[in-house]
Amino acid sequence: MVIFKKLLGNFAAMNDDNIRSRMLPPLPERLRPRNLDEYAGQKHLIGQGCVIRNMIESGNLTSFILWGPPGVGKTTLSRIVASTLGREFYTLSAVSAGVKEVREVIDKARSNSLFSAGNTPVLFIDEIHRFSKSQQDALLGAAEDGTIVLIGATTENPSFEVISPLLSRCQVFVLKPLDKSDLQWLLDRALREDIVLKEKNIQVKENEALFRYSGGDARKLLNILEIVVNAGHTVIDNAAVASCLQENIAIYDKKGEMHYDTISAFIKSVRGSDPNAAIYYLARMLNAGEDPVFIARRLCILASEDVGLANPNAMLLANSCFQIVHNIGMPEARIPLAECTIYLASSPKSNSAYMAINNALEIAEKTQSAPVPLYLRNAPTKLLEELGYGDGYKYAHDYPGHFADLEFLPDELRGRVIYEPQENSQEDRLRSYLSACWPKYYPKK
């Protein structure tokens with residue numbers, strides 16, 4: 001028994017730090033700021049005389065939306081605002097909450113004994129861009145009559161993702177990625193104040209890799225720091241950070257290289273008419289938590305850029321997919337995304353519209369001042385009519401086949417072919433029609 005106790009004591013002594021660190025919350029949570037003085041970055045919002053600090057100091061809190069990339073302190077800032085003002089704080093995630101949960105929180109806010117003039121509860125909605133129109137509609141009345149102060153957080157442009165009536169009731173504040181001075185301040189605070197790190201006598205000889213991998217994200221910086229320290233490094237340099245991250249950091253990062261590699265592979269698989277590879281990369285993105293609306297936007301671009309006039313229905317389907325995904329969210333959104341992906345990958349391809357507009361833009365830039373032919377100009381006044389505006393114009397519907405042989409380009413561009421049909425069944429029909437109208441520009445093949 002004595003030997004067992006001695007061994008147990010030695011084991012506890014050797015592993016005390018590791019056990020304690022595993023029992024504690026992660027470093028970003030341990031260092032979560034409790035007030036504005038502990039908050040890193042966003043000086044344009046919380047600095048002296050700036051808008052959010054003024055709200056707190058005056059107590060005149062209005063609804064607002066925080067728009068910025070992950071890890072810049074949207075949730076933390078919302079909590080600080082509410083706690084500093086002594087407001088009841090409710091939080092919902094748009095990923096898991098529905099209309100029912102929204103209404104329950106609003107009803108609770110109405111009946112809460114703390115609710116009184118000047119002490120309106122705060123409802124914080126994380127990832128508000130994921131709320132459907134009906135979910136956002138449920139917030140309107142409560143935000144309008146002052147039942148709640150709404151604070152939303154989003155990584156997406158609220159102009160596109162938040163309905164206009166709700167947007168008109170909220171100010172939008174843009175949060176920026178942390179710069180190097182912010183990251184350095186946060187790193188120094190972690191080493192100085194954290195209950196674990198301050199006992200380890202950690203030396204940071206190089207910070208370039210720490211800051212580069214964090215990408216202006218406070219949470220990521222602290223997670224990386226904790227990974228490196230837990231790997232046994234008390235002297236931190238670029239090599240130590242790189243070696244640790246190769247084994248520990250998440251492979252798919254929405255703002256990192258794997259994000260761009262995977263979406264690139266997805267786009268090229270659709271363009272290359274491989275539905276198997278396309279659906280595989282779609283699944284990888286969805287498994288990694290990629291925003292489904294982002295994928296739907298890419299499908300809309302693919303439909304017009306790569307499928308194009310070879311299958312005009314592709315754009316209609318892609319647009320419908322975008323609207324459905326935007327309205328229903330995950331997990332159901334995976335189904336229209338899969339349908340649209342397979343359809344586009346299996347469609348014939350043409351980039352003729354893409355090539356034509358690029359060609360036209362290049363020509364237009366060089367001939368911006370080329371005069372429009374007089375017979376194509378409008379003649380709303382007698383003077384312009386006397387000057388020949390509109391004279392000689394042929395109304396197409398007055399001619400056989402609804403076509404009048406009339407040149408429409410400026411004189412210096414006459415005869416320039418900008419759109420060139422490609423070889424597919426749809427554009428073969430277009431070429432046939434154009435050949436009948438303009439045999440000198442579109443000769444039959």
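Leucine 317 has its place in helix H17, where helices (H or I, at least four residues) and strands (E, at least two) are DSSP runs, numbered from the N terminus. The structure is a predicted model, in which local features need pLDDT of at least 70, side-chain atom pairs count only at pLDDT 80 or more, and totals for chains, interfaces and linings use all residues. Residues are numbered from 1 along each chain as its sequence is written, and side-chain values use heavy atoms, with hydrogens and water left out.

With a relative accessible area of 24%, leucine 317 is classed as partly exposed, because buried means under 20% relative accessible area, exposed over 50%, and partly exposed in between (1.4 Å probe, protein chains only). When residues up to four places away in sequence are not counted, leucine 317 touches Glu339, Cys340 and Tyr343; contact here means heavy atoms within 4.5 Å.

A pocket is defined on a 1 Å grid over the protein atoms alone, as an open set of points where a 1.4 Å probe fits, with protein on both sides within 12 Å along at least five of seven lines; lining residues have an atom within 4 Å of a point. The second largest pocket holds about 300 Å³ of space, a volume being the space filled by probe spheres set on the grid points, which are joined across faces, edges and corners. Its lining comprises 19 residues, of which Ala94, Arg130, Ile328, Gly329 and Met330 lie nearest the centre. Two or more lining residues are given by helix H16 (292–307) and by helix H17 (313–328), and H17 supplies the largest share, four residues. By class, nine lining residues are nonpolar, six polar and four charged; Ala, Val, Leu, Ile, Met, Phe, Trp, Tyr, Cys and Pro count as nonpolar, Asp, Glu, Lys and Arg as charged, and the others, Gly among them, as polar.

Strand pairing was examined next; two strands pair if DSSP finds at least two bridges between them. Strand S1 (residues 64–67) runs parallel to strand S4 (residues 149–154) and is joined to it by four bridges. In this pairing, phenylalanine 64 has isoleucine 151 as its bridge partner, and leucine 66 stands opposite alanine 153. Four bridges also join S1 to strand S5 (residues 171–174), again in parallel, with valine 174 as the partner of tryptophan 67. Strand S3 (residues 122–126) is joined to S4 by five parallel bridges, and phenylalanine 124 has isoleucine 151 as its partner. Six of the six residues of S4 are buried. Val149, Ile151 and Ala153 point one way from S4, whereas Leu150, Gly152 and Thr154 point the other way.

In soluble globular proteins, nonpolar side chains tend to be buried together. A nonpolar core is a set of buried Ala, Val, Leu, Ile, Met, Phe, Trp, Tyr and Cys residues joined through side-chain atoms within 4.5 Å. The largest such core has 47 residues, of which Ile52 and Leu225 touch the most other members. Helix H12 (residues 218–230) gives the most to this core, with seven residues. Leaving out residues up to four places away in sequence, isoleucine 52 touches Leu45, Ile46, Leu66, Leu77, Val81 and Phe173. A second, separate core of 24 residues includes Ala278, Val293, Val307 and Ala314.
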